[in-house]
Amino acid sequence: MARTGSTRRTFVAGTAAAGAVAALGVEAPAASATPGTPTAGGQSVAVLGGGVAGLTAAHELAERGFRVTLFERRALGGKARSMDVPDSAKGGRKPLPAEHGFRFIPGIYHNLPDTMRRIPFPGNRHGVWDNLVAPKEMMFARTGQEDLRLPMPGAGTPQPLTLDDIRRALTGVLGTFQRLPAREVAYFVDRLAVFVTSCQERRDSQWESTPWWTFTRAAQMSYDYQRILAVGVTRNIVATKAEEASTRTVGSLLEAFLFNALGRGADGPLDRILNAPTNEAWIDPWVTQLRSLGVEFKVGWTVREVTYGGGKVTGVQVEDADGGVQTVTADHYVSALPVEHARPTWSAAMRAADPQLARCDQLRTDWMTGIQFYLTERPDIVHGHVDCIDSQWSLTAIAQAEHWPQHAFAADYGDGTVVDCLSVDISEWDKPGILYGRTAKQCTREEVAREVWAQLKTALNDTGKTVLSDSKLHSWFLDPGVSGIGTPNPRNEDELLIHPTGTFHNRPSAATKIPNFYLAGDYVAVPIDLATMEGANTSGRLAANALLDRVGSSAPRCTVTPLYSAPELDFLKSSDRLRHRLGLPNVFDVG
């Protein structure tokens, strides 16, 4: 495919980036102690759903002496799991590894890493947590322009966090984007200054009702500003549209990453991934541990309805692995299904008993789905994540083999000719592509693969340097949760909660008004306002705590660590709280 625009070279971030980034880093805190196991009187718990939220709830409750049975319709791990490519194994090797989308476990997470430390793994002092590795760099790939490679900060000394320090750090990093006008960089830094000094009340009201696009004044800015600072951080990271995304959600995420980069309040480096396919490095050891704690798994069992009567849940109608329908009962029930699958199981009576269940009907989900390309030669690509910010389908990707040092890819997986897996997330499914002029939902699976491959080549192939070529492509695998694309009725079994304005006020708590019913999932209100594995893990902990509180258990409560808040900014936030109550704007919000 012919390229458009000027000849590109790769721009490696230089002195400006080094000054803002080289000193950035974090120190990992000591591992948390595993809770004790006080008796729970043998009370039984049915956990509905085997994703991160359900596995977390099962973990915490089993450690505290409850008898836990977990029901999962498809595969343990949910959207976090890896899976085998069917019929891809040859010569005694394992099947090629695939996934819903590449795993990203940044240092801003606290609760999920604590769980990972408590999952034993052979040879690892800190369990599964030791399977996290930090990519060396990331890249913003531009079409017809210079690419920008940024070194990723490792562990280091915490940096000062006065407002001036924050401004200087942001200006230094954004200044490496050569095509961003200086005035636009300054304006964006000013907007972040407004957010980080805003009190929680202003965030929950004014910024929750303001789209990120409006907050950043993106419509009046350059194309590069829109693609990098408005669209890039929302569509590719938060998986929602900048025109709709809540400033509260996007701003909270950027604030957390900023503090992480400056070495404050984080579990580890800014960017971390697993050193092997997810099930090998995390999910399978977790399931093994839960079995040792007495958790019983019912995989292939689909929850159809939560039955309700007499002011409490009386059972759950499930379709078992053989297709038979039966009712299962327990003392307590934790619904850990994704919100789009949980809602159909709640009756009108349950919604009447707890109005927050009814408000969940207003939560929205969207498509963010992975596709893997298996290559016969390793691509000469950045040593970490690449963000194709000009791609029509908002593609992000990572070449995985170099981050899996315990595996000789060709020797361990597939037919012996595949040496790498380029794992790609497709974040935009409703805009036309470059090959067929159709949206991803309107394309067949084969057309989606060809379209994504074409967009990747357009983003990554320099003049005179071919990073990706058709001759290196062995095969591809698109998430099986996607079906019916290319027909009038496309379906996705694994949608992702998105965060348009007002979403925060419709997210439920883990404790419901139904005395034996609890919620877990990344849609539950948790300290991290984002649909993430961290949010799912945190919700499982909150559901366990709510259950412990309700039964009056003496067992220790699960630790729930919020996102870091910089004490240096407390005075400015306190002043803003007074201004907000008086109906005044943030002092730095000068328009």
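This is a predicted model: local features need pLDDT of at least 70, side-chain atom pairs count only at pLDDT 80 or more; totals for chains, interfaces and linings use all residues.

Colleague: What is the volume of the second largest cavity, and how is its lining divided by class?

Modeller: The second largest cavity has a volume of about 90 Å³. Its lining includes Phe102, Ile273, Leu274 and Trp404, along with Glu99 and Arg103. Thr278 and Gln400 are also among the lining residues. By class, the lining comprises seven nonpolar, two polar and two charged residues.

Colleague: Which residues lie closest to the centre of the largest pocket?

Modeller: The largest pocket holds about 360 Å³ of space. Of the 17 residues in its lining, those closest to the centre are Gln200, Arg203, Glu255, Ser565 and Lys573.

Colleague: Which helix supplies the largest share of the lining of the largest pocket?

Modeller: Helix 6 (200-207), helix 9 (247-261) and helix 17 each provide at least two residues of this lining. By class, the lining has five nonpolar, five polar and seven charged residues. The largest share, four residues, comes from helix 17.

Colleague: Which parts of the chain does the salt bridge between Glu255 and Arg203 tie together?

Modeller: In the salt bridge between Glu255 and Arg203, the closest N and O atoms are 2.8 Å apart.

Colleague: How many salt bridges does a search of the whole structure find?

Modeller: Some of the charged residues are linked in a network of salt bridges, made up of Glu60, Glu63, Arg64, Asp114, Arg118 and Arg541. Over the whole structure, the search finds a total of 36.

Colleague: How many residues apart are Arg191 and Asp589, the two residues of another salt bridge?

Modeller: The side chains of Arg191 and Asp589 meet in a salt bridge with an N to O distance of 2.8 Å. Arg191 belongs to helix 5 (residues 182-196), whereas Asp589 is in the segment after helix 17. Arg191 is buried, at 7% relative accessible area. The pair links distant parts of the chain, and the separation is 398 residues.

Colleague: Why do Arg149 and Glu137 count as buried?

Modeller: These two residues form a salt bridge, and the closest N and O atoms of Arg149 and Glu137 are 2.8 Å apart. Arg149 is in strand 8 (residues 147-151) and Glu137 in strand 7 (residues 137-141), twelve residues apart. Both count as buried because the class requires a relative accessible area under 20%. The values are 19% for Arg149 and 12% for Glu137.

Colleague: Where is Asp87, and is the residue buried or exposed?

Modeller: Asp87 is in the loop between strand 4 (82-84) and strand 5 (97-99). Its phi is near 60°, a positive value in a residue other than glycine. Because its relative accessible area is 75%, Asp87 is exposed.

Colleague: What is the accessibility class of Arg217?

Modeller: Arg217 is in the loop between helix 7 (212-215) and helix 8 (223-238). The phi of Arg217 is also positive, near 55°. At a relative accessibility of 37%, the class of Arg217 is partly exposed.

Colleague: Which residues form a nonpolar patch on the surface?

Modeller: One member, Leu582, is found in the segment after helix 17 (570-581). Leu582 counts as exposed because its relative accessibility is 59%. The patch has about 300 Å² of accessible area in total, and its members are Leu578, Leu582 and Leu584.

Terms used. Residues are numbered from 1 along each chain as its sequence is written. Side-chain values use heavy atoms; hydrogens and water are left out. Patches are made of residues with over 30% relative accessible area and no salt bridge: like charges are joined within 9 Å, nonpolar side chains (Val, Leu, Ile, Met, Phe, Trp, Tyr) within 5 Å. Accessible areas come from the Shrake-Rupley method with a 1.4 Å probe; for residues, only the protein chains shown count as cover. A salt bridge is a side-chain nitrogen of Lys or Arg within 4 Å of a carboxyl oxygen of Asp or Glu. Buried means under 20% relative accessible area, exposed over 50%, partly exposed in between (1.4 Å probe, protein chains only). On a 1 Å grid over the protein atoms alone, a cavity is a set of points where a 1.4 Å probe fits but cannot get out, and a pocket is an open set with protein on both sides within 12 Å along at least five of seven lines; lining residues have an atom within 4 Å of a point. Grid points are joined across faces, edges and corners, and a volume is the space filled by probe spheres set on the points. Ala, Val, Leu, Ile, Met, Phe, Trp, Tyr, Cys and Pro count as nonpolar, Asp, Glu, Lys and Arg as charged, and the others, Gly among them, as polar.
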